[in-house]
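Visitor: I have a chain to look at, and I am new to this. Could you walk me through it?

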Amino acid sequence: MSATETLSERLADDIMGIIRSEGLTPGDQLASSRDLAKRFEVTTPTVREALRRLEATGAVEFRHGSGTYVAPGADRRLLANPHRPAGTREGALELVEARLVLEPPIAAAAARTRDASGLRMLENSVSNALHPPRGDLRPAVHFHVALAATSGNTLLRETVEALLHVRARQQIEIRHRYDDRERDHEEHVALLAAVRDGDPDRAAELTVAHLESIRTAVRA
């Protein structure tokens with residue numbers, strides 16, 4: 001490993017330290033590469049290399065002409081393969097089947113625990129469904145990741161987040177196929193209400209119904 005690689009790795013850790021110590025969350029903007037270079041007394045190219053490392057893990061994202069922002073993977077401990085398979089109907093169906101196994105009990109756990117920070121994320125992301133998918137763009141916080149966060153179990157949140165990250169193209173394919181925005185939103189609103197009410201059975205039931213509707217749309 002070269003000295004430059006060692007420095008960029010250490011710098012990536014330092015940048016993650018800033019994100020945590022300053023309480024930055026997904027969507028928050030980082031300081032510019034030039035400012036970070038001055039802060040850590042390194043060159044700007046070294047900062048950019050460190051940021052590219054963090055981008056590969058989903059911790060930060062670059063927005064053309066805008067800057068570098070904290071991404072949903074900033075706290076992720078399960079890393080997804082960046083060489084994702086192409087989005088296909090079969091792959092999308094496989095993803096839905098996996099989610100049907102995982103997410104209903106997670107929704108029930110969310111309704112039992114109602115973690116305060118997760119619930120805020122859930123409330124803030126419930127309107128995501130109203131926005132039509134645009135290319136490969138994804139919301140800063142996915143509703144079902146926020147649902148897992150409301151369980152209060154970090155590993156469950158990271159598991160759902162990693163699954164949706166590694167199968168991002170399939171998830172985008174799902175959004176294009178399940179294109180009734182109003183229905184998607186209404187199902188999310190109902191699920192949010194069940195979690196708020198502390199009704200685990202209802203939350204699990206609604207999650208199953210929601211994902212089965214998606215499966216039907218993908219199969220069509």
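Predicted model: local features only at pLDDT ≥ 70, side-chain atom pairs only at ≥ 80, totals over all residues.

Guide: Residues are numbered from 1 along each chain as its sequence is written, and side-chain values use heavy atoms, with hydrogens and water left out.

Visitor: How many helices and strands are there in the chain?

Guide: Helices (H or I, at least four residues) and strands (E, at least two) are DSSP runs, numbered from the N terminus. From that end, the elements run α-α-α-β-β-α-α-α-α-α-α-α. The count is ten helices and two strands.

Visitor: What share of the 220 residues in the chain is buried?

Guide: Buried means under 20% relative accessible area, exposed means over 50%, and partly exposed lies in between (1.4 Å probe, protein chains only). Of the 220 residues, the buried share is 43%.

Visitor: Which residues does Leu 30 contact, leaving aside its neighbours within four places in sequence?

Guide: Contact means heavy atoms within 4.5 Å. Leu 30 is one of the residues with the most contacts inside the largest core. Beyond its sequence neighbours, Leu 30 is in contact with Ile 15, Ile 19, Leu 24, Leu 51, Val 60, Thr 68, Tyr 69 and Val 70.

Visitor: How many residues does the second, separate core have?

Guide: Its members include Ala 107, Leu 119, Val 126 and Leu 147. In soluble globular proteins, nonpolar side chains tend to be buried together. The size of this second core is 15 residues.

Visitor: Where do the buried residues of helix H5 fall, seen down its axis?

Guide: H5 covers residues 116–125, and its buried residues are Gly 118, Leu 119, Leu 122 and Ser 125. They fall within an arc of 135 degrees, taken from the directions from the helix axis to the C-beta atoms. So they line one face of the helix.

Visitor: Which helices do the buried residues of H5 pack against?

Guide: Among those buried residues are Leu 119 and Leu 122. Their partners are helix H6 (143–149) and helix H9 (181–196).

Visitor: Is Ala 129 buried or exposed?

Guide: Ala 129 is found in the loop between H5 and H6. Leaving aside neighbours within four places, Ala 129 is in contact with Arg 175, Arg 181, Asp 184, His 185 and His 188. At 3% relative accessibility, Ala 129 counts as buried.

Visitor: What separates the C-alpha atoms of Val 160 and Val 145?

Guide: Val 160 is in helix H7 (residues 154–166) and is buried, at 2% relative accessible area. Not counting residues up to four places away, Val 160 touches Glu 103, Ile 106, His 144, Val 145 and Ala 148. Val 160 and Val 145 are 15 residues apart along the chain, and their C-alpha atoms are separated by 5.9 Å.

Visitor: Which side chain is joined to that of Arg 215 by a polar contact of 3.2 Å?

Guide: Arg 215 is in helix H10 (residues 200–219). Its relative accessible area is 18%, so it is buried. A polar contact is a pair of N or O atoms within 3.5 Å; within protein, one must be able to donate a hydrogen and the other to accept it, and residues adjacent in sequence count only if both atoms are side-chain atoms. The partner of Arg 215 is Glu 97.

Visitor: Which ring does the charged end of Arg 63 sit over?

Guide: A charge sits over a ring if NZ of Lys or CZ of Arg is within 6 Å of the ring centre and within 35 degrees of the ring normal. For Arg 63, the distance to the centre is 3.9 Å, and the ring is that of Tyr 69.

Visitor: What is phi of Glu 41 near?

Guide: Glu 41 is found in the loop between H2 and H3. Glu 41 is exposed, with a relative accessible area of 74%. Its phi is positive, in a residue other than glycine, and is near 55 degrees.

Definitions and conventions: Core = buried A, V, L, I, M, F, W, Y, C linked by side-chain atoms within 4.5 Å.
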